[in-house]
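Subject: Structure handover

Dear colleague,

I am passing on the structure below, and after it I set out what was found in it. Please read the notes with the model open beside them.

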Amino acid sequence: MGSFYYFKTTKHRTRKLGKVDAPLNEKLEKVKWGEYKIAEVLEWQTQKEIDPLKLEELKDETEMIYPFYGQATINNGIISHHQLTNKVLNNKGGKPTILIHSNNQNIVYLETPFYLKDGHGATSVLQSEKLTKTNQMFIVAAIQKIIESKFSYNNKATKIELKKTLVQLPTRNGKIDFDFMESFIKDLEAEHIMKVKAYLSATGLKNYSLTVQEQQVLEDFEKGKIAFHGFNIEDLFEINPTKYYRLNNDDIIFENGRVPLISNTSSENGVQGFSNLGSLNKGNTITCSDTTLGAETMFYQKDDFIGYSHIQHFVPKIKPFNKSIAFVIIASSRVSTSKKFDYGTKFNRIAMNKTKVQLPAIDHKKPNYVIMETIITAIQKMIIKEVVLYVERKLNIRMPV
């Protein structure tokens with residue numbers, strides 16, 4: 001079996017993110033491995049699928065709100081949340097469940113009741129009495145590794161094909177060793193908790209206390225005391241198509257590439273992969289695909305990069321410009337473009353230029369960049385606080401005083 005790698009699925013392929021450290025790798029080397037059909041690991045469940053056009057007629061406000069899953073590759077596959085009739089609800093008992101989508105080989109884990117978008121049976125709903133929130137990470141990684149190389153859009157991971165697909169898993173006495181997987185993932189979590197703790201200490205991010213100014217800005221924002229004004233994106237940026245090469249697969253490098261390739265994907269900050277070819281577009285800018293239904297593919301690019309076709313480059317007219325300012329503009333752009341575009345009316349360069357975003361403003365004349373940066377800094381500290389407290393909780397559980 002060799003080293004255990006993490007895999008992250010993007011729109012185009014799986015990117016290998018890294019492997020475990022030596023002690024855990026030695027543990028993997030010593031374990032016995034077996035090949036099992038997915039049907040021997042997990043059991044296929046009956047499923048109820050919903051035509052999205054019938055959501056309104058299925059509405060029942062006496063029911064609980066549950067997630068509506070489709071084949072989306074972001075938000076863990078959740079499209080939206082609804083209150084629908086109990087007759088179309090899956091997994092009513094909230095058991096640990098894995099969904100595998102045949103079209104894009106995307107895998108998600110859930111443990112709640114859920115609704116499922118009609119995909120003509122393209123989604124496999126899988127459960128097992130042995131499946132847990134912990135060991136599913138090992139199982140999903142093993143399945144993902146195989147199906148990403150075996151299947152594609154033109155060679156779909158259908159239920160028939162998935163059932164007979166072989167995956168490698170730890171084995172003991174001729175049976176799947178679920179105990180080993182559980183133990184390994186817990187050790188892996190502990191290893192990463194210690195790494196996060198060390199990183200927070202080394203970078204000084206453990207200091208999450210808000211300054212007086214940050215606290216005041218947050219309070220003013222929550223009370224609606226910050227003045228906002230609409231600005232056209234064309235007043236803030238010069239938008240042009242990104243420059244790109246005609247690339248083949250050999251030009252895309254995932255482990256040691258230096259220059260990011262920005263594509264139409266709505267995940268991974270738009271990064272499809274990396275290359276060692278020269279960069280063609282300047283960083284500290286924003287990119288956005290002109291083939292989508294809004295600003296969901298709008299991302300801040302810190303580094304110089306290579307574009308793809310249909311990727312627009314937002315070069316700031318704002319001086320100075322930085323990541324914090326970009327985050328506010330991107331968030332506002334996503335709000336402004338939500339549900340305003342469809343497959344017949346794309347969010348192209350003309351629409352981008354004319355889109356009006358609401359930003360903190362000074363006398364309704366120019367954006368208040370100081371306020372924008374302060375808001376983002378405060379939000380980042382609040383998020384870091386949650387990370388720090390999570391690490392401390394985990395360490396206290398494992399190493400009580």
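At 5% relative accessibility T242 counts as buried, the term meaning under 20% relative accessible area, with exposed meaning over 50% and partly exposed in between (1.4 Å probe, protein chains only). Leaving aside neighbours within four places in sequence, T242 is in contact with N281, F305, G307, Y308, I311, Q312 and H313, a contact being heavy atoms within 4.5 Å.

Before going further, please note that this is a predicted model, in which local features need pLDDT of at least 70 and side-chain atom pairs count only at pLDDT 80 or more, while totals for chains, interfaces and linings use all residues. Residues are numbered from 1 along each chain as its sequence is written, and side-chain values use heavy atoms, with hydrogens and water left out. The mean pLDDT of the chain (the predictor's confidence in each residue, from 0 to 100) is 87, and 91% of the residues reach 70 or more. Over residues 1–18, however, the pLDDT is below 50, although this stretch has 55 contacts in the model beyond near neighbours in sequence.

Strand 16 (residues 259–262) sends V259 and L261 one way and P260 and I262 the other way, and all of these are buried. The strand runs antiparallel to strand 17 (residues 271–275), to which 4 bridges join it, two strands being paired if DSSP finds at least two bridges between them. Within strand 17, G273 is the bridge partner of L261.

Elsewhere, 4 strands form an open sheet of mixed pairing, in the order 5-10-6-7. Its edge strands are strand 5 (49–50) and strand 7 (78–82), each of which pairs on one side only. Strand 5 pairs with strand 10 in the parallel sense over 2 bridges, and I50 stands opposite K117 in strand 10.

Turning to the helices, L24, N25 and L28 are buried in helix 1 (residues 22–30). Seen down the helix axis, these buried residues fall within an arc of 100°, so they line one face of helix 1; the arc is that of the directions from the helix axis to the C-beta atoms. On the other side of helix 1, P23 and K30 are exposed, whereas the buried residues pack against strand 3 (33–37), helix 3 (135–150) and helix 5 (178–203).

The largest nonpolar core has 32 residues, and those with the most contacts inside it are I98, I139, I143 and L169; such a core is a set of buried Ala, Val, Leu, Ile, Met, Phe, Trp, Tyr and Cys residues joined through side-chain atoms within 4.5 Å. Two or more residues of this core come from each of helix 1, helix 2 (38–41), strand 8 (97–101), strand 9 (107–110), helix 3, strand 12 (166–172) and helix 5. Not counting residues up to four places away in sequence, L169 touches K32, W33, G34, Y36, V41, F138, A142, I176 and M181. Apart from this core lies another, of 27 residues, among them I318, I325, F341 and M352.

A search of the whole structure finds 11 aromatic pairs, for which rings of Phe, Tyr and Trp (its six-membered ring) must have their centres within 6.5 Å, with planes under 30 degrees apart counted as stacked, over 60 as edge-to-face and the rest as tilted. The rings of Y69 and F114 have centres 5.7 Å apart and planes at 85°, so this pair is edge-to-face. Because Y69 lies in strand 6 (residues 66–69) and F114 in the loop between strand 9 and strand 10 (115–117), the pair ties together parts that are 45 residues apart in sequence; both Y69 and F114 are buried. For Y300 and F327 the ring centres are 6.4 Å apart and the planes at 80°, so this pair too is edge-to-face. It links distant parts of the chain, with Y300 in strand 19 (residues 299–301) and F327 in helix 8 (residues 323–337), 27 residues apart. Y300 counts as buried at 11% relative accessibility, while F327, at 34%, counts as partly exposed. F237, Y300, F314, F321 and F327 form one aromatic cluster.

With best regards
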